[in-house]
2 protein chains.
Amino acid sequence: MNLKKLSKILGLSQTTVSRALNGYPEVSEATRKKVQEVALAHHYIPNMRAKSLATGRSMAIGHVIPGSTRREIVNPVFADFISGAGEVYAQNDHDMLLSIVADSDEERTYRQLSAKASVDGVIVHGPRENDPRITLLKELGLPFVVHGRAGDNHGDYSWVDVNNRRSFERATEFLFDLGHRKIALINGLEFMDFAQRRKGGYLAAHRKHGRTPDPELMISEEMTEDVGYRRALDMLNRAAAPSAFLVSSMITAIGVRRAISDAGKKMGRDISVVIHDDELSYLPNGVDIPIFTATKSSVRQAGRLCAQMLLDIIREKDLTPRHILLESELTVGESTGAFQK
Amino acid sequence: MNLKKLSKILGLSQTTVSRALNGYPEVSEATRKKVQEVALAHHYIPNMRAKSLATGRSMAIGHVIPGSTRREIVNPVFADFISGAGEVYAQNDHDMLLSIVADSDEERTYRQLSAKASVDGVIVHGPRENDPRITLLKELGLPFVVHGRAGDNHGDYSWVDVNNRRSFERATEFLFDLGHRKIALINGLEFMDFAQRRKGGYLAAHRKHGRTPDPELMISEEMTEDVGYRRALDMLNRAAAPSAFLVSSMITAIGVRRAISDAGKKMGRDISVVIHDDELSYLPNGVDIPIFTATKSSVRQAGRLCAQMLLDIIREKDLTPRHILLESELTVGESTGAFQK
DNA sequence: GTCGGAATCCAAAGCGCTTTGAATGATTTC
DNA sequence: GAAATCATTCAAAGCGCTTTGGATTCCGAC
């Protein structure tokens, strides 16, 4: 079923049928009703390819995910993010186009997405400091929203971010207040912007308390379970073992917890742990009482906000930068306690 | 830059330029070379909307994910799956279209996807027994591949699945051989096909050993960490506590491990655990020695196979059903040991 | 009566590509 | 040397929709 056939059935022109269905005022209410009925009865749904070509809008948003070296796609954090974004797209009748690409192909992918005209805008994931993608997208004139920020110069593009620096500063201070002095930081990959900010917060808190952190206690790696396990175990076996861990992700923290347990210690009593909790659906931080003390911020909600912001930008055709800075909530759970000599 | 301009620059017709770029033989090598050079120099990439309309192929594959009640999308297993599929799409110049929809809208979404012509085929996720989506897709004539199977009648559609029944039968027998008799099964949601098959394997092993499993030890729920924790803890506190757990997912197993630890027991010594390991990138089952004894099968690889199968079906225009049944590997880790009286 | 303007509707152009069917030279065949 | 063949190239139609720029009809107003 297509427009041509449908209008033949109705005895109307394609123009009128198209207008009737798209809510234009130049068509009488009587005919509009009739058209809608017949369209429904014949399961008529406009061919999107044709519609896109005619309108110049593809009604789709692109998400380009680094897939090989940096395995962002498999990061459960990402899954929750696109789940939130997808909700918004569904409500607004948009599609989500996912491209999983090797790092080296990233620029080419964006260029293609823009030239092929298969999307109306993109969400940029996992920004690094001074991320080249941002310059590229501005040059291409393709609307975009960054999930996170890319370095200090973040006034001239749109983004949604968590106040990572503040979160980790507070978390570190919280541990200081409990009496901890040797606090390990198990962070995400060095070149990720959020990791830099979190480190910044961690360092700021140390400065404030007049202390220099032990560089051996600060590590930056991919946020997998086994990294958390191995690194924490290593640290716990050192002479200058930490009494507390500040961990960038729930996944890594699960590894840290395993390490603590394997080292014969008890989390919350012998060793304190504070995590950043993205409120992952499949890894909730306890049900009534939080398992981990955490700086909490829903990444699913961030996905919703990014998507909504991008759709607004596209609809309003207004590229002036918008920003949303989310504050995390510090929730105290069972994984922290006063420092035991 | 578009075809029209490009052909004007070249002093050729659109026909010739199009053919030169698409590798048709009716164009001399000299002109083809020239065309390719100029196209590259001007960053010419054909507009996909127009190309789709003209060819009738959208070069995109749809993945429809239940998003609200059943939160499949946020299942980390899913993330690894689409990562594998995405690889194959990228190699074959296809896009991935992700639709996250409420369960109630699922049928409508498939109809739309088909009518809107925005995809050339779809992957069906999380099949239930006698899944209505399969009938629908056949009726619509939209090529598809199911990840998993939907009940016993699985000869007449294409699928890629793990031999779940056999996996869990072997795993159960493995525990029997170690002397365990009270074996708990912490399974996925009842109506999911894979959960049924795993239960089937678990029951078959029991029958073989002439034992009836305690129904209180068999649970079916969403595969989150906290479900694993709460259910395992409940069971461990019962009079007739199990000595071993058979767990459907790494995520749930992490909760089970936490419960065992909280119950003051040691996994591998006091309580044995066997899991199904989908080889999730962010939750690897140990690096050298496996943490958990597991029936192992890479879901990322399953994603690759599904994608490749679907692309083949579309390319060959041959809808005759194809099947791949993957066998899992039983790897013995540190989470199992002989039954201690 | 005629005119102007609403209210409806329509024919046809256009979105950027592929593809059919035909034209143009160049080359071969008899 | 004319006819037939081949290698290249092109003009134009078509994919299914939107949208521009009229047409047509029907009114009340003058």
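Start by selecting B:Cys306: this residue is buried, with a relative accessible area of 0%. Buried means under 20% relative accessible area, exposed over 50%, and partly exposed in between, using a 1.4 Å probe and protein chains only. Now pick A:Cys306, which also counts as buried, at 0% relative accessibility. Look for disulfides, pairs of cysteine sulfur atoms within 2.5 Å. The whole structure has zero, over all chains.

Some ground rules. This is a predicted model, where local features need pLDDT of at least 70 and side-chain atom pairs count only at pLDDT 80 or more, while totals for chains, interfaces and linings use all residues. Residues are numbered from 1 along each chain as its sequence is written, chains are lettered from A and ligands numbered from 1 in the order written, and side-chain values use heavy atoms, leaving out hydrogens and water.

Next, colour chain A by domain: domain 1 is 3-46, domain 2 is 60-162 + 300-326, and domain 3 is 164-297. These bounds come from an automatic or database domain assignment. The C-alpha centres of domain 1 and domain 2 of chain A are 36 Å apart.

Move to DNA strand D.

Select A:Asn22: a polar side-chain atom sits 2.9 Å from a phosphate oxygen of DNA strand D. At A:Ala50, a polar backbone atom is 3.4 Å from a base nitrogen of DNA strand D.

Methods: A polar contact is a pair of N or O atoms within 3.5 Å; within protein, one must be able to donate a hydrogen and the other to accept it, and residues adjacent in sequence count only if both atoms are side-chain atoms.
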